[in-house]
Amino acid sequence: MASNGTRPFRVVIVGSGPSGFYAAEALLKDASVRVEVDMLDRLPVPYGLVRGGVAPDHQKIKGVIKVYEKTASYPRFRFYGNVKVGADLSVDDLRRLYDAVVLAVGAEGDHHMDIPGEGLPGSHAATEFVGWYNGHPDYHDRRFDLSCESVAVVGIGNVAMDVTRILASDPEELAKTDMADYAVEALRASRVKDIWLLGRRGPVQAAFSPAEITELGELSSADLVVRPEDVALDEASREDLARADASAKKNVEFLQKAAARGEGSRGRKVRLRFCVSPVELIGEGGRVGAARLERNALKRDAKGAVKARGTGEFETVKVGLVLRSVGYFGVPLPGVAFDTERGVFPNAGGRLLESAGGPVICGEYVVGWAKRGPSGLIGTNRACSTETAARILEDLKAGLAPGRGAAEAEAFLRSRKADLVSFADWKRLDALELSRGQAAGKIREKFTTVGSALEALKTARI
Ligand code: NAP
């Protein structure tokens, strides 16, 4: 088994979401190279979007945590939570301390619509709403005005499906999950009746998965309302559908059936509209009061892709809250080249580059959304991280410049951040959250601030 002279190779992974854990797994289980993995996270809790993104009514998806716990149980794995790279320490520090540095930082920013009125109070990124209901410390103090009767969700990807379903669901069902208690209370008081779900292109081009749209159509508390004229396909869409994968075909079939069902009789309506784009958010009393929508026609561009083009036909819908769900976007890290067009760290198969198309940087890597952009399901990250791990192992075997030992790295981390959180500490927090949840009749009651998590840990360690 290859190692770096007398000690194992030392790899640091920045970020503890799925891509980070899949990279750790691939590195630790390789029998040909002896690798130790230190994983850092800015939060005192691990699992990235599995904890802070996956919807609380999708507990089955969170079952992947079992796989990550198995990885964390390798003696050659250490977790250091509550330490922020770029603030508590730099990427340069990591370069000195480790043989290889892997960025698994995801895509923490989001796209904008770039329309007038987007900055009005009452207009938010859907990702903020997701972080809020999931008890993410960055978002626990956000407020969303649910006293209005009408909400617009812009974009029709799976994040849009999640936020729409949460707005439309019976809060008593959500109360049993791990949703933050303050969010359950706010949803209980919600007066929202209509949720406008706005897609700029047609049913064939929709980004949602069949399972997600089907779930929206099966809610006990809301009807999914689709207009027959919206699911009548134009020529470009018919051509696309003929070539489309099974998912697009299932979506169209489902939507055409939903359109035939009409308004339904439930108290809430999810009004799914295709081929419309908000072109302005209109203020009323200093906050969002309405959205002006333009009807789109679908046109094929020079590369053959079907694009939405405004027709000059407008309508206005009254809405008191707008959640834009038009995609995540990567955030740069000081001291690392960043592709501002694509929102990713430029790389070749996971090896970081000095610039897009430039030379490889020795010993530095990237995985997940930070590598390929915000696409795919959780499992997509496994192949992505395995590819990068293979490059890391090749490079380590070829003999990279040595980093420092484990004790030295830990001493440095502690010198920068006194209250580091280990994986054993996380398991203490995990047990506390589960027992708080049990007492409240739900799956889990999360700590939704860093301070409350660290405070609880102090007592739990005694
Ligand atoms: P996404 O799948 O890329 O969807 C983005 C949506 O925003 C698309 O409908 C897109 O329309 C639309 N859009 C982009 N720019 C727009 C604009 N300026 N105006 C109007 N609409 C615009 O992104 P996502 O929903 O954020 O999800 C990210 C990834 O996480 C996806 O791979 C998703 O499947 C995954 N995810 C999965 C689940 C799950 O499995 N339950 C849950 C959440 C997220 P166009 O198609 O026209 O560009």
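This is a predicted model: local features need pLDDT of at least 70, side-chain atom pairs count only at pLDDT 80 or more; totals for chains, interfaces and linings use all residues.

The entries below cover one arginine, its strands, the cores, a sheet and a helix.

Residues are numbered from 1 along each chain as its sequence is written, and side-chain values use heavy atoms, with hydrogens and water left out.

**Entry 1: Arg271.** I started with Arg271, which sits in strand S10 (residues 268-273). Helices (H or I, at least four residues) and strands (E, at least two) are DSSP runs, numbered from the N terminus. Is Arg271 buried or exposed? Its relative accessibility is 18%, so it counts as buried. The cut-offs are under 20% relative accessible area for buried, over 50% for exposed, and partly exposed in between (1.4 Å probe, protein chains only).

Next I looked for its polar partners. The side chain of Arg271 has a polar contact of 2.9 Å with the side chain of Asp194. Another, at 2.8 Å, goes to the side chain of Glu263. A polar contact here is a pair of N or O atoms within 3.5 Å; within protein, one must be able to donate a hydrogen and the other to accept it, and residues adjacent in sequence count only if both atoms are side-chain atoms. Leaving out residues up to four places away in sequence, Arg271 also touches Ile195, Trp196, Leu197 and Val225. Contact means heavy atoms within 4.5 Å.

**Entry 2: strand S8.** I then turned to strand S8 (residues 194-198). In S8, 4 of the 5 residues are buried, so the strand is largely enclosed by the rest of the structure. S8 runs parallel to S10, joined by 5 bridges. Asp194 has Lys269 as its bridge partner in S10. Strand S7 (residues 150-154) is also parallel to S8, again through 5 bridges. Val153 stands opposite Leu197 there. Two strands pair if DSSP finds at least two bridges between them.

**Entry 3: cores.** Which residues have the most contacts inside the largest nonpolar core? They are Phe129, Tyr133, Leu197, Phe208, Ile213, Leu255 and Leu272, in a core of 47 residues. Helix H6 (residues 158-168) gives the largest share, 6 residues. A second, separate core has 43 residues, including Ala24, Leu27, Phe77 and Ala389. A nonpolar core is a set of buried Ala, Val, Leu, Ile, Met, Phe, Trp, Tyr and Cys residues joined through side-chain atoms within 4.5 Å.

**Entry 4: an open sheet.** I found 3 antiparallel strands in the order S11-S12-S13. Strands S11 (276-284) and S13 (306-318) are at the edges with a single partner strand each, so one side of each is left without a neighbour in the sheet. S11 is joined to S12 (residues 287-300) by 8 bridges. Gly283 stands opposite Val288 in S12.

**Entry 5: helix H14.** Last, I checked helix H14 (residues 406-416). Ala406, Ala409, Phe412 and Leu413 are buried. Seen down the axis, the buried residues of H14 fall within an arc of 130°, so they line one face of the helix. The arc is that of the directions from the helix axis to the C-beta atoms. Ala407 and Ser415, on the other side of H14, are exposed. The cover over the buried residues includes strands S1 (9-14), S2 (35-41) and S3 (77-81) and helix H4 (91-97).
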